[in-house]
Amino acid sequence: MRIKEGFELRNICGENIVVAHGLKNIDFTKLITLNESAALAWNAVKDKDFELQDIVRALLDEYEVDEATATADAETLVAQWKEAGLI
């Protein structure tokens, strides 16, 4: 998997917002915000090919959570990113 080119995570007024660059990525009907853990995952995998386990590892390294919970959260996050067209 890979985050599509043209998307960038920015912190705007304390909110983690995914910003689209280029006409093909712009959809003014959606605003994509990421919570703290989703932003952590984004930064861990941006600009490279990644597997689900890369996000799981980032969550385990940062938070006191068991692997099953981190895996479930990573699966949900990847599904949401796919649905939003980010990966």
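Trainee: In which loop does cysteine 13 lie?
Mentor: This is a predicted model, where local features need pLDDT of at least 70, side-chain atom pairs count only at pLDDT 80 or more, and totals for chains, interfaces and linings use all residues. Residues are numbered from 1 along each chain as its sequence is written, and side-chain values use heavy atoms, with hydrogens and water left out. Strands (E, at least two residues) and helices (H or I, at least four) are DSSP runs numbered from the N terminus. Cysteine 13 lies in the loop between E1 and strand E2 (15-20).

Trainee: Is cysteine 13 buried or exposed, and what is its phi?
Mentor: Buried means under 20% relative accessible area, exposed over 50%, and partly exposed in between (1.4 Å probe, protein chains only). Cysteine 13 has a relative accessible area of 81% and is therefore exposed. The residue is not a glycine, yet its phi is positive, near 55°.

Trainee: Where does aspartate 47 lie, and what is its phi?
Mentor: Aspartate 47 belongs to the loop between H1 and H2. With a relative accessible area of 66%, aspartate 47 is exposed. Although aspartate 47 is not a glycine, its phi is positive, at about 65°.

Trainee: What pattern does the chain follow along the sequence?
Mentor: The secondary structure comes to three helices and three strands. Read along the sequence, the pattern is β-β-β-α-α-α.

Trainee: In what order do the three strands form the open sheet, and what is the average twist?
Mentor: Two strands pair if DSSP finds at least two bridges between them. The pairing is antiparallel and the order is E1-E2-E3. E1 and E3 are the edge strands, each pairing on one side only. From one strand to the next, the twist averages 35°.

Trainee: Which residue in E2 is the bridge partner of arginine 10?
Mentor: E1 and E2 pair in the antiparallel sense over six bridges. The bridge partner of arginine 10 in E2 is isoleucine 17.

Trainee: What angle does the direction of H1 make with that of E1?
Mentor: Axes are lines fitted to C-alpha atoms, for helices over the stretch in contact (heavy atoms within 4.5 Å). Angles run from 0 to 180 degrees between N-to-C directions. H1 packs on the sheet, touching E1, E2 and E3, and its direction makes with that of E1 an angle of about 140°.

Trainee: How many residues has the largest nonpolar core?
Mentor: A nonpolar core is a set of buried Ala, Val, Leu, Ile, Met, Phe, Trp, Tyr and Cys residues joined through side-chain atoms within 4.5 Å. Those with the most contacts inside the largest one include Leu34, Trp42 and Trp81. Leaving aside neighbours within four places in sequence, leucine 34 is in contact with residues including Leu9, Val18, Trp42 and Trp81. The number of residues in the largest core is 23.

Trainee: What kind of aromatic pair do tryptophan 42 and tryptophan 81 form?
Mentor: Rings of Phe, Tyr and Trp (its six-membered ring) pair if their centres lie within 6.5 Å; planes under 30 degrees apart count as stacked, over 60 as edge-to-face and the rest as tilted. Tryptophan 42 and tryptophan 81 are 5.4 Å centre to centre, with 80° between the planes, so by these cut-offs the pair is edge-to-face.

Trainee: How many residues apart in sequence are the parts that this pair ties together?
Mentor: Tryptophan 42 is buried at a relative accessible area of 2%, and tryptophan 81 also counts as buried, at 2%. Tryptophan 42 lies in helix H1 and tryptophan 81 in helix H3, so the separation of the parts tied together is 39 residues.
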